[in-house]
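Work through the two exercises below with the structure in view. Try each task before reading its solution.

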Amino acid sequence: MSVMGEEYHIPVLADECLSALKVKRGGIYFDGTLGGGNDSELILRAGGRLIAVDRDNEALDFVGARFASNPDFAGRYELVHDNFKNVAEILGGRSINDIDGALLDLGISSRQVDEPQRGFSYSKDGELDMRMDREQVLSAMQVVNEYSTEQLARIFFTYGEEKFARKIAANIVERRKKTPIETTMQLSDIIVASVPSRKSGHPAKKVFQALRIEVNNELSGLGEAVCDIVDKLKKGARLCVITFHSLEDRIVKQTFASLATDCICDKSLPVCVCGHRASVKLIGKAIRPSEKEQERNPRSKSATLRVAEKI
């Protein structure tokens, strides 16, 4: 489905998400990752009411202007500058006790990648930034120029699964002794010179992913946020989560599995002592983009959609 915001961000698995959410007219929905507003627009067009959150003020400004031009949306949405991990406070502060569905489209938007000045791209020259929320202090430039060799290597290995993490980290520290590393291409060139050529993918892809995760603290608290959103769902309401790499998908998969399980005691115990009861049921298997969508949008290739329903 083509929607107005594709010039800002190409939506991934949008139709599948809308189908899974089963949007009902007048229902309240939480979009924790607004981006270009594509998924939010589909919810509004289906008659839903919306609380949409993003850390990026540019996204909020873009979508705010876009939605304001549609009189059918008036009075049915609120755009919030915040982190979806604060969902309990966001909804509680608006006296919303429960919601009819929620969506998280994790990762970064097409606009963030395509704008060199945001510093997310390893193939376009720009200032090393990578902040989703440009009001925060920590940037990729600080991480690259101030973290120790050991800290950098840990980040590259843990968040990027980069097997040449230590060599890349050592070369970064050696280079910055001469002059600060301030641009994406400076960093990319160091990485390319540090690793053997690869059959597929840019040599800097994993390190840039790792830096982005570190700067934006993307993985910390993700599982807890999923639990908090589920707590706010009405019975029968669904949470859809789209992930783009194995680290975040593993967290979502494991959290959903735990929430869908009655007993989480150590299997060696003869009887259940935890008292845990399932709060969701898993809806179908993980959904991947069709070949047609992957051809249209190559960035969708790594996407995985998981859906859970409150019971």
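Contact means heavy atoms within 4.5 Å. The model is predicted: local features need pLDDT of at least 70, side-chain atom pairs count only at pLDDT 80 or more, and totals for chains, interfaces and linings use all residues. Residues are numbered from 1 along each chain as its sequence is written, and side-chain values use heavy atoms, with hydrogens and water left out.

**Exercise 1.** Describe the surroundings of Asp100.

Solution. 
- Step 1: Find Asp100 in strand β4, residues 99-105. Strands here are DSSP runs of E, at least two residues; helices are runs of H or I, at least four; both are numbered from the N terminus.
- Step 2: List the contacts, leaving aside neighbours within four places in sequence. Asp100 meets Lys24, Gly27, Ile28, Tyr29, Lys234, Ala237 and Arg238.
- Step 3: Check one partner along the chain. Ala237 is 137 residues apart from Asp100, yet their C-alpha atoms are separated by 5.0 Å.
- Step 4: Check burial. Asp100 has a relative accessible area of 8%, so Asp100 is buried (under 20%; exposed is over 50%, partly exposed in between; 1.4 Å probe, protein chains only).

**Exercise 2.** Which residues touch the most other members of the largest nonpolar core?

Solution. 
- Step 1: Define the core. It is a set of buried Ala, Val, Leu, Ile, Met, Phe, Trp, Tyr and Cys residues joined through side-chain atoms within 4.5 Å.
- Step 2: Among its 32 residues, pick out Leu152, Phe156, Ile172, Leu187 and Leu211.
- Step 3: Helix α10 gives the most, with six residues.
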